[in-house]
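Have the model open as you read.

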Amino acid sequence: MNRFKKVYNQGTLDVMEIWVDTETGVNYVFHRNGNASGFTPLLDREGKPVVSKKEEY
């Protein structure tokens with residue numbers, strides 16, 4: 001199943017990506033630099049998760 005869909009990609013060595021959970025619409029940020037990486041929910045300025053509508057992804 002393809003639950004996550006990549007909607008944004010920037011960089012090759014210092015990578016920043018945005019992924020959307022296709023079941024909930026929640027956006028996540030993935031960052032990789034060398035051997036270190038992280039995957040965390042993307043938050044708005046109020047600290048709430050950014051949620052996309054189905055037609056946006």
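Rings of Phe, Tyr and Trp (its six-membered ring) count as a pair if their centres lie within 6.5 Å; planes under 30 degrees apart are stacked, over 60 edge-to-face, and the rest tilted. By that rule, ring pairs tie Phe4, Tyr28 and Phe39 into a cluster.

Some ground rules: this is a predicted model, where local features need pLDDT of at least 70 and side-chain atom pairs count only at pLDDT 80 or more, while totals for chains, interfaces and linings use all residues. Residues are numbered from 1 along each chain as its sequence is written, and side-chain values use heavy atoms, with hydrogens and water left out.

Now the sheet. Strands here are DSSP runs (E, at least two residues), numbered from the N terminus, and two of them pair if DSSP finds at least two bridges between them. Four strands make an open, antiparallel sheet in the order β1-β2-β3-β4. β1 (4-10) and β4 (36-41) are the edges, each with a single partner strand, so one side of each has no neighbour in the sheet. Six bridges join β3 (residues 27-33) to β4; Arg32 has Ser37 in β4 as its bridge partner.

Back to the rings. The whole structure has three aromatic pairs, including these two:

| Pair | Type | Centre to centre | Between planes |
|---|---|---|---|
| Phe4 and Phe39 | edge-to-face | 5.9 Å | 80 degrees |
| Tyr28 and Phe39 | stacked | 5.1 Å | 10 degrees |

Phe4 sits in β1 and Phe39 in β4, so their pair ties together parts 35 residues apart in sequence. Tyr28 in β3 and Phe39 in β4 are 11 residues apart.
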